[in-house]
Amino acid sequence: MNFRASFCDPFKQEILEIGDIREDIITEEFEKISWTDFLKRMEAAKGDEIFYSPSFETENMDIKHGLSISAVGNPDNYEFYIFYKRPKTVKTFFGLKEKVNQNYISEKTGQTKQDTLDCLNALLHNDTEYLENKIGK
């Protein structure tokens with residue numbers, strides 16, 4: 001499987017494109033991000049110094065499913081927002097027509113680090129049913 005990843009540093013306007021990444025190191029890359037440190041620095045910063053919440057994004061390029069994960073809240077008790085992007089058939093025109101939205105996004109707030117790791121693991125193993133049940137509804 002082919003994966004790509006990126007990282008949003010809250011204090012840098014440009015997104016850091018990690019690019020192609022081996023699936024066996026995606027979880028490691030996520031875990032080595034110092035979420036607490038970023039959130040502490042954000043508390044002390046001026047609003048115009050912050051461009052994003054600290055965020056990690058990865059996508060399975062073969063099936064076009066991806067996760068964007070952002071840390072938010074108090075540095076001592078933060079949570080994750082998980083955004084799940086995938087192609088999905090949606091109804092339009094009062095439910096009379098269907099079309100495929102290639103970048104359909106669902107989100108889930110209030111997630112723990114373990115919830116987030118479970119979702120990353122599901123993406124790495126193409127368990128789209130788990131992701132749809134956890135985030136897609």
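The largest nonpolar core of this predicted model has 26 residues, and Phe30, Leu67 and Leu131 make the most contacts inside it. A nonpolar core here is a set of buried Ala, Val, Leu, Ile, Met, Phe, Trp, Tyr and Cys residues joined through side-chain atoms within 4.5 Å; buried means under 20% relative accessible area, exposed over 50%, and partly exposed in between, with a 1.4 Å probe and protein chains only. At least two residues of this core come from each of β1, α1, α2, β4, β5, α3 (113–124) and α4. The largest share, six residues, is that of α3. Helices (H or I, at least four residues) and strands (E, at least two) are DSSP runs, numbered from the N terminus. In soluble globular proteins, nonpolar side chains tend to be buried together.

Some ground rules for the numbers. Residues are counted from 1 along each chain as its sequence is written, and side-chain values rest on heavy atoms, with hydrogens and water left out. Since the model is predicted, local features need pLDDT of at least 70 and side-chain atom pairs count only at pLDDT 80 or more, while totals for chains, interfaces and linings use all residues.

Setting aside neighbours within four places in sequence, Phe30 is in contact (heavy atoms within 4.5 Å) with Trp35, Phe56, Ile69, Phe80, Lys113, Thr116, Leu117 and Leu120. Leu131 sits in helix α4 and is buried, at a relative accessible area of 0%. With neighbours within four places again left out, the contacts of Leu131 are Leu67, Tyr84, Cys119, Ala122, Leu123 and Gly136. Leu131 and Cys119 are 12 residues apart along the chain, and their C-alpha atoms are separated by 6.4 Å.

Next comes the sheet. Six strands make up an open sheet in the order β2-β1-β3-β4-β5-β6, with antiparallel pairing; two strands count as paired if DSSP finds at least two bridges between them. At the edges are β2 and β6 (97–111), each of which pairs on one side only. Neighbouring strands are turned by 20° against each other on average, direction ignored. Such angles run from 0 to 180 degrees between N-to-C directions, and the axes are lines fitted to C-alpha atoms, for helices over the stretch in contact. Helix α4 (residues 128–136) packs on this sheet and touches β4, β5 and β6, and its direction makes about 110° with that of β5. As for β4 and β5 themselves, nine bridges join them in the antiparallel sense, and Ser68 has Phe83 in β5 as its bridge partner.

Strand β1 (residues 3–8) is mostly covered, with six of its six residues buried. In a regular strand the side chains alternate between the two faces of the sheet. Here Phe3, Ala5 and Phe7 point one way from β1, Arg4, Ser6 and Cys8 point the other way, and all are buried. β1 pairs with strand β2 (residues 16–21) over five bridges, in the antiparallel sense, and the partner of Phe3 in β2 is Ile21.

Helix α2 (residues 35–44) has Trp35, Phe38, Leu39 and Met42 as its buried residues. These lie on the same side of α2 because they cover an arc of only 95° around the axis, the arc being that of the directions from the helix axis to the C-beta atoms. The buried residues of α2 pack against β1, α1 (23–31), β3, β4 (65–74) and β5 (77–92).

What about the cysteines? With a disulfide taken as a pair of cysteine sulfur atoms within 2.5 Å, the count comes to zero. The closest cysteine sulfur to that of Cys8 belongs to Cys119 and is 18 Å away, too far for a bond. Cys8 counts as buried at 12% relative accessibility, and Cys119 counts as buried at 0%.

Lys64, in the loop between β3 and β4, has a phi near 65°, a positive value in a residue other than glycine. Lys64 is partly exposed, with a relative accessible area of 37%. Asn126 is found in the loop between α3 and α4, and its phi is near 55°, a positive value in a residue other than glycine. At 33% relative accessibility, Asn126 is partly exposed.
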